[in-house]
Amino acid sequence: MAPTDNTTLDKIDRKILRHLQFNSRISNVELARHIGLSATPCLNRVKRLEKIGCIENYTIRINPEYVEAKLLVFVELRLDRTSRNVFSNFRTVVRKLPEVMECHLVSGDYDYLLKARVRDMHAYRKLLGETLLSLPHVNSSRSYMVMEEVKETEMIPIPEPSEYTP
């Protein structure tokens, strides 16, 4: 859901979002204490943020080494055609691939940038050769194996509300 005028976030909403991004398991009472509200108004604000679609989901972060997904790769894919239905067909298929964590339509020499996690190089060669390169209209690829993860986060920077004065 796209934001509208009646879904503007104030300073308190943004404070709530910052705390929930850091710890989505925080109790409402504890969150209210950090925000400086009583529990009921805090809960009402969180429910409003969920209802308007600002809070989309609550999730956990899993250490990939425990689930045999140690190798992180980025793959650029170029399609042989760039018509609307080609992009649509590609998106439909790539959304079903469990190894692909993210897929972005990008500008530049390639059409899509994918982020994937697999067990090892053998699993990646199989993903690339048997799956990615056989996707609809994929023409070429370029891969980047991650040697060291310096920073990875799902947290979105939440600035203070703008003090716009016409």
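# Briefing: a 166-residue predicted model

R48 is partly exposed, with a relative accessible area of 28%. Here buried means under 20% relative accessible area, exposed means over 50%, and partly exposed lies in between (1.4 Å probe, protein chains only). The model is predicted: local features need pLDDT of at least 70, and side-chain atom pairs count only at pLDDT 80 or more, while totals for chains, interfaces and linings use all residues. Residues are numbered from 1 along each chain as its sequence is written, and side-chain values use heavy atoms, leaving out hydrogens and water.

**Overall layout**

- The protein has 5 helices and 4 strands. Both are DSSP runs numbered from the N terminus: helices are H or I with at least four residues, strands are E with at least two.
- In sequence order, the elements run α-α-α-β-α-β-β-α-β.
- The protein is more spread out than a compact globule, because its radius of gyration is 21 Å, well over the 15 Å that the globule rule gives for 166 residues. That radius is taken over C-alpha atoms, and the rule is 2.2 Å times the number of residues to the power 0.38.
- Along the principal axes, the C-alpha trace spans about 55 × 45 × 25 Å.
- Of contacts between residues at least 6 apart in sequence, 67% join residues at least 24 apart. A contact means heavy atoms within 4.5 Å.

**Surface and charge**

- Buried residues account for 28% of the 166 residues.
- The accessible surface is about 12,000 Å², and carbon and sulfur atoms hold 53% of that surface. Areas come from the Shrake-Rupley method with a 1.4 Å probe; for residues, only the protein chains shown count as cover.
- There are 25 positive and 22 negative charges, and their mean positions lie 3 Å apart. Lys and Arg count as positive, Asp and Glu as negative; His and the chain ends are not counted. Each charge is placed at NZ of Lys, CZ of Arg, CG of Asp or CD of Glu.

**Nonpolar cores**

- The largest nonpolar core has 22 residues. Such a core is a set of buried Ala, Val, Leu, Ile, Met, Phe, Trp, Tyr and Cys residues joined through side-chain atoms within 4.5 Å.
- F90, L114, Y124 and L132 have the most contacts inside this largest core.
- β1 (71-79), α4 (84-94), β3 (112-118) and α5 (121-131) each supply at least two residues of this core. β1 gives the most, with 5 residues.
- A second, separate core holds 14 residues, among them I26, L31, C42 and L49.
- Beyond neighbours within four places in sequence, F90 contacts L77, L79, C103, Y112, L114, L135, P136 and V138.

- S140 sits in strand β4 (residues 138-145). S140 counts as buried, at 18% relative accessibility.
- Leaving out neighbours within four places in sequence, S140 touches E76, L77, R78 and Y110.
- D111 lies in the loop between β2 and β3. D111 is buried, with a relative accessible area of 12%.
- With neighbours within four places in sequence set aside, the contacts of D111 are L77, R78, L79, T82, F87, H104, L105 and V106.
- D109 is placed in the loop between β2 (100-105) and β3. D109 is exposed, with a relative accessible area of 59%.

**Residues with positive phi**

- Most residues other than glycine have a negative phi.
- E68 has phi near 55°, a positive value in a residue other than glycine. E68 lies in the loop between α3 and β1. E68 is exposed, at 55% relative accessible area.
- H137 has phi near 70°, again positive in a residue other than glycine. H137 is in the loop between α5 and β4. H137 is partly exposed, with a relative accessible area of 22%.

**C-alpha separations**

- R48, in helix α3 (residues 39-51), has its C-alpha atom 9.1 Å from that of T7; the pair is 41 residues apart along the chain.
- D111 and V150 are 39 residues apart along the chain, with C-alpha atoms separated by 26 Å.
- D109 and S38 are 71 residues apart along the chain, and their C-alpha atoms are separated by 53 Å.
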